Amino acid sequence: AETDASARLTVSRLYFGIPIGTSDFWVDQASWRACFGEVPEVPKGKCFLGLDLSDRNDLTALSAVWKNEADDSLKSRVWYWTTAQGIDRRSALDRIDYRQYVSRGELEIVDKPAIDYRLVADRIKKLMAEHDIEALAIDPNFNLSRFISDCEEAELKVWLYDGEDKPAGEGLKIVRHEQGGTVPFGGRKLCMVHSVERFKDKVLKGEIVIENSNLTAYCAANTGTALNKSNQPYFVKARQMGRIDGMVALAMAVGASEGVKQAPPKEYKMLIF
């Protein structure tokens, strides 16, 4: 607990009764811990990406989920970036030493005043060269245009998915992924409600392996859920301090591996006198 932030949060609550906001952990914790393991260097199956972009110098998280078509089981890993300035500021605010994750190779420091999304684009290009990348899920309301612009500068071709009735583009397929408890209609977007539902199901059934990462475990320790108007859960911060970026990226990639759920057709009834 002295050397690992995620362990400290758990020990504080379970052994010392200190309320840290994780009593509403989003899934059974024993099932969650059992999901961590070794992921092959080149996992088999189609690969789905989830990207949680940071604002200037916070954490940026990119997740990859490989889907076994035979049994729908998943394997995943997450990459993180922050700035040299951001790591000290975030360490002070969150009261943990993020440099411990740098020394473990789990967090990359960018020597710039803001996160350069071209670094993310370069990582995606490497993944595309080695894996069958199906799609990238991303928040459409936060820095999407800037990310696309940086992809162009990094010579990574991308295109926005607008539904099955629209022609496909060239390069990386980007699917919009709504955040919060909103459930979109029209079959053009993914949403956190459906992604969290699938993510939770995979964890409870033991059908997902997540690469061992102390930073991902820390993000999970900060993650809770809230309910939308239909009593469907979605991810929120369970405590004021701390980050959940890795969990958001993972949920988006897991949701993308299922595909966009089509909205049920509206039913109309007519009463004739």
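This is a predicted model: local features need pLDDT of at least 70, side-chain atom pairs count only at pLDDT 80 or more; totals for chains, interfaces and linings use all residues.
1. Buried means under 20% relative accessible area. Arg243 has a relative accessible area of 11%, so Arg243 is buried.

2. Overall make-up. The chain holds nine helices and twelve strands. It has 273 residues, and 51% of them count as buried. The chain exposes about 13,800 Å². Carbon and sulfur atoms supply 49% of that area. Take the contacts between residues at least 6 apart in sequence: 65% of them join residues at least 24 apart.

3. Helix packing. Helix H7 covers residues 192–205, and helix H9 covers residues 245–258. Their axes come within 8 Å and cross at roughly 90°. H7 is therefore roughly perpendicular to H9. On the H7 side, the contact is made by Met192, Ser195, Arg198 and Phe199. On the H9 side, the residues are Met247, Val248, Leu250, Ala251, Met252, Val254, Gly255, Ser257 and Glu258. By class, the contact residues divide into eight nonpolar, three polar and two charged.

4. Salt bridges. Side chains of opposite charge can pair when their charged atoms come close. With a cut-off of 4 Å from side-chain nitrogen to carboxyl oxygen, the count comes to 14 salt bridges. Three of these pairs are taken up below.

5. Arg198 and Asp72. Their side chains meet in a salt bridge, at 3.0 Å from N to O. Arg198 lies in helix H7, while Asp72 sits in the loop between strand S3 (60–67) and strand S4 (74–83), so the pair ties together parts that are 126 residues apart in sequence. Arg198 is buried, at 10% relative accessible area. Asp72 has 21% relative accessibility and counts as partly exposed. Arg198 also belongs to the contact of H7 with H9.

6. Lys157 and Glu170. This salt bridge has an N to O distance of 3.2 Å. Lys157 is in the loop between helix H6 (144–153) and strand S7 (158–160). Glu170 is in the loop between S7 and strand S8 (172–178). The two residues are 13 apart, and the pair links distant parts of the chain. Exposed means over 50%. Lys157 has 52% relative accessibility, so Lys157 counts as exposed. Glu170, at 55%, counts as exposed too.

7. Arg243 and Asp245. Here the salt bridge has an N to O distance of 2.9 Å. Arg243 is buried, at 11%. Asp245 has 5% relative accessibility and counts as buried.

8. Ile133. This residue is found in strand S6, residues 133–138. Ile133 is buried, with a relative accessible area of 15%. Leaving aside neighbours within four places in sequence, Ile133 is in contact with Cys47, Leu49, Leu127, Met128 and Leu172. How far apart in space are Ile133 and Val65? They are 9.6 Å apart, C-alpha to C-alpha, and 68 residues apart in sequence.

Note on methods
Residues are numbered from 1 along each chain as its sequence is written. Side-chain values use heavy atoms; hydrogens and water are left out. Axes are lines fitted to C-alpha atoms, for helices over the stretch in contact, and angles run from 0 to 180 degrees between N-to-C directions. Helices (H or I, at least four residues) and strands (E, at least two) are DSSP runs, numbered from the N terminus. Angles under 35 degrees count as roughly parallel, over 145 as roughly antiparallel, 65 to 115 as roughly perpendicular and the rest as oblique. Contact means heavy atoms within 4.5 Å. Ala, Val, Leu, Ile, Met, Phe, Trp, Tyr, Cys and Pro count as nonpolar, Asp, Glu, Lys and Arg as charged, and the others, Gly among them, as polar. Buried means under 20% relative accessible area, exposed over 50%, partly exposed in between (1.4 Å probe, protein chains only). Accessible areas come from the Shrake-Rupley method with a 1.4 Å probe; for residues, only the protein chains shown count as cover.
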